[in-house]
Amino acid sequence: MQERARATRRSLLEAAASLFAERGYAGTSVNDISSRSGRTSGAVYFHYASKEGIALAVVQDRFATWPELTDRYTNDKVPPMDRLVALSYDIAKALAEDPVTRGGARLWAEREVINATLPDPFALWTAATTRLLAQARATGQLAPHIRPAPTARALVRAFFGLCSLTEALEGTATITARLAEWWHLTLPSLQAAPER
């Protein structure tokens with residue numbers, strides 16, 4: 001029975017996330033979630049007390065926590081700046097292709113109309129970026145004038161803005177290309193000058 005309940009809960013969450021990504025919070029009803037998931041409205045209310053509850057669950061599921069984030073980028077054999085760039089491409093791909101991540105991003109952008117406090121999705125991203133920049137500094141890869149914490153904060157915000165605006169203006173298909181352009185512009189200002 002528990003497995004069936006988990007499957008129902010997951011199908012509701014994924015249906016809601018897809019709808020939130022497509023239509024936004026205000027444009028999605030509990031009936032829409034019920035219809036998309038093939039479950040009853042009663043199932044929605046059983047597993048998530050309200051529309052706000054399922055919105056919160058969508059954000060918490062992927063967008064705010066990124067459970068595998070820290071584990072995937074701890075390989076010390078790969079230079080920290082390379083790990084940072086790889087991390088950004090993985091997050092950009094999720095923002096472009098993963099329905100739960102996309103739903104979470106849309107909900108975060110619309111957080112003012114949701115009667116629930118959504119978690120800050122940028123805290124973990126910023127902490128991971130700060131850690132990678134600090135490692136880059138320790139290995140001599142980071143330019144001496146770059147301070148990891150404020151730089152991480154600026155990079156995460158600029159990255160999310162780049163992804164959001166690219167999607168709004170061009171669609172998700174060009175996010176990877178725009179990210180490559182951004183890194184070609186940004187990376188040289190972060191990296192230490194090669195020794196002569």
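Reply: A salt bridge here is a side-chain nitrogen of Lys or Arg within 4 Å of a carboxyl oxygen of Asp or Glu. In general, side chains of opposite charge can pair when their charged atoms come close. The model is predicted, and side-chain atom pairs count only at pLDDT 80 or more. By that rule there are 10 salt bridges.

Start with the network. R10, E14 and D61 are linked in it by salt bridges. The R10–E14 pair has an N to O distance of 3.0 Å. Both residues sit in helix 1, which covers residues 2–23. They are 4 residues apart, about one turn of the helix. How exposed are the two partners? R10 has a relative accessible area of 28%, so it is partly exposed. E14 comes to 38%, and therefore also falls between the 20% and 50% cut-offs.

Stay in helix 1 and go on to E22. E22 pairs with R36, with the closest N and O atoms 2.9 Å apart. R36 belongs to helix 2, residues 30–37, whereas E22 is in helix 1, so this pair ties together parts 14 residues apart in sequence. Relative accessibility is 48% for E22, which counts as partly exposed. R36 is partly exposed too, at 39%.

Another pair is E170 with R178. Their closest N and O atoms are 3.0 Å apart. E170 is partly exposed, at 41% relative accessibility.

R137, R147, R153 and R157 gather in a patch of positive charge on the surface. R157 lies in helix 9, residues 148–170. R157 is exposed, at 59% relative accessible area, because the cut-off for that class is over 50%.

At 9% relative accessibility, L155 is buried. Beyond its neighbours within four places in sequence, L155 is in contact with L84, T129, L133, W182, T186 and L190. E195 is 40 residues from L155 in sequence, and the two C-alpha atoms are 26 Å apart.

The chain has 10 helices and 0 strands. The C-alpha trace spans about 70 × 35 × 25 Å along its principal axes. Of its 196 residues, 43% count as buried. The chain exposes about 10500 Å², with carbon and sulfur atoms supplying 54% of that area. Take contacts between residues at least 6 apart in sequence: 68% of them join residues at least 24 apart.

The chain carries 23 positive and 20 negative charges, and their mean positions are 2 Å apart.

Key:
Residues are numbered from 1 along each chain as its sequence is written. Side-chain values use heavy atoms; hydrogens and water are left out. Helices (H or I, at least four residues) and strands (E, at least two) are DSSP runs, numbered from the N terminus. Buried means under 20% relative accessible area, exposed over 50%, partly exposed in between (1.4 Å probe, protein chains only). Contact means heavy atoms within 4.5 Å. Accessible areas come from the Shrake-Rupley method with a 1.4 Å probe; for residues, only the protein chains shown count as cover. Lys and Arg count as positive and Asp and Glu as negative; His and the chain ends are not counted. The place of a charge is taken as NZ of Lys, CZ of Arg, CG of Asp or CD of Glu. Patches are made of residues with over 30% relative accessible area and no salt bridge: like charges are joined within 9 Å, nonpolar side chains (Val, Leu, Ile, Met, Phe, Trp, Tyr) within 5 Å.
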